[in-house]
Amino acid sequence: MGSFGALEYRSSTGMTMKAAVPALACLCCSFVLTAPASAACVLKKITEMPLVELGAHYAVAVKINDVTRLMIVDTGSEVTLFKSSFADELNLAPDYSSSDLKPVLGVGQTQAEIHMNVIPSFLGFGDLVYRDRTTVVAEMDFGKQAENDSVGLLGDDILSQFDVEFDFPSRKLTFYREFDCYNTFSPWTGAYSTVPFDHHGAKIVLDVILNQERTKAIVDTGNNASFISRNSSALWDVSDDELSETKSRSTSPLNGGTSFSIRTYGFEKVKIGDEVFSKMTMRVADVEFPFGSANLGLDYWRTRKIWISYPNNWMFIANPPSITAVAYPVRALKPAPPEAAIADNQ
């Protein structure tokens with residue numbers, strides 16, 4: 001039986017955020033680049049933060065007003081959010097000016113209570129500081145699991161402002177901005193996969209190959225395990241008898257949880273970027289994804305170093321991570337004094 005890594009599946013922690021939007025366009029194949037594309041390119045390091053293992057997820061320390069807490073890093077979440085119990089604990093000021101509020105939905109969910117946004121006076125991710133930034137609030141509860149120490153999710157609305165390097169083996173998360181790098185940008189020296197992605201509806205969607213079927217997959221660092229929708233075209237010719245019996249159930253921590261069953265199916269070949277896995281068993285869930293039909297979680301990503309270039313819609317995957325190094329000069333951003341703000345109201 002194939003697997004992406006040593007992570008054991010824990011069925012109660014599905015984390016993907018969902019909203020109904022049109023499907024994304026088809027993507028291209030992956031290939032390898034091994035040299036920088038522009039000698040004039042310069043990177044500015046906005047902030048670097050330790051990635052902290054929190055149960056089966058990864059979190060960063062965030063300062064909210066006068067307290068510092070952990071927040072799960074979730075590329076699958078449309079927004080950065082606080083859980084409602086934390087917003088109440090800090091008595092964060094409600095944002096009465098916010099309009100067009102939408103429910104925050106987990107996997108398989110169609111309804112959720114809508115909360116008023118709140119406005120922390122200070123929201124700091126290392127050297128990246130937001131002042132008076134309106135922030136979404138949602139019901140989120142992991143029960144007795146370690147993840148319940150998180151106060152919320154760091155989502156796409158902040159991540160997508162930057163080039164983001166996830167170095168999971170070294171436990172580092174780094175935000176960069178590019179200057180004079182252009183759309184041929186490639187961040188590292190060494191060998192790595194280069195994968196285009198589509199970024200619509202606040203999701204990173206790339207193409208993977210399941211047997212001979214090109215399948216759209218959501219990049220989701222907020223989900224501890226990968227799975228595929230039963231309705232995926234890669235499973236259209238597969239009968240229910242060919243799937244395993246129910247192996248477990250998965251439950252979203254959002255909105256009181258919505259449970260759905262997990263079965264498995266063995267693919268002859270799975271291709272992600274330049275990596276090919278033979279005889280790969282994948283989890284199958286009876287849920288719908290609005291942007292793709294598969295979800296790539298931390299069982300795949302946690303052993304790899306990845307660079308997500310949101311401005312250019314390219315992802316770079318290094319495995320093993322030690323063979324790559326940043327290809328361009330890096331200018332460090334000077335730490336901001338407590339009274340200063342690097343980013344206001346974004």
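This short talk covers the charged side chains of a predicted model.

Ground rules first. Residues are numbered from 1 along each chain as its sequence is written, and side-chain values use heavy atoms, without hydrogens or water. Because the model is predicted, local features need pLDDT of at least 70 and side-chain atom pairs pLDDT 80 or more, while totals for chains, interfaces and linings use all residues.

Salt bridges, then. I mean a side-chain nitrogen of Lys or Arg within 4 Å of a carboxyl oxygen of Asp or Glu. The count is twelve.

Take E48 and K45. Their closest N and O atoms are 3.2 Å apart. E48 is partly exposed at 38% relative accessible area, and K45 is partly exposed at 25%. For the cut-offs: buried is under 20%, exposed is over 50%, partly exposed lies in between, with a 1.4 Å probe and protein chains only.

Next, D207 with R214, at 3.6 Å. D207 is buried, at 9%. R214 is partly exposed, at 36%.

Now R283 and D299. Their salt bridge is 3.1 Å, N to O. This pair links distant parts of the chain, 16 residues apart: R283 sits in strand β23 (275-285), D299 in helix α3 (298-301). Helices (H or I, at least four residues) and strands (E, at least two) are DSSP runs, numbered from the N terminus. D299 is buried, at 5%.

There is also a network: shared partners join E53, R171 and R302.

Last, what about D241: buried or exposed? D241 is exposed, at 76% relative accessible area. This residue lies in the loop between β20 (227-229) and β21 (248-251).
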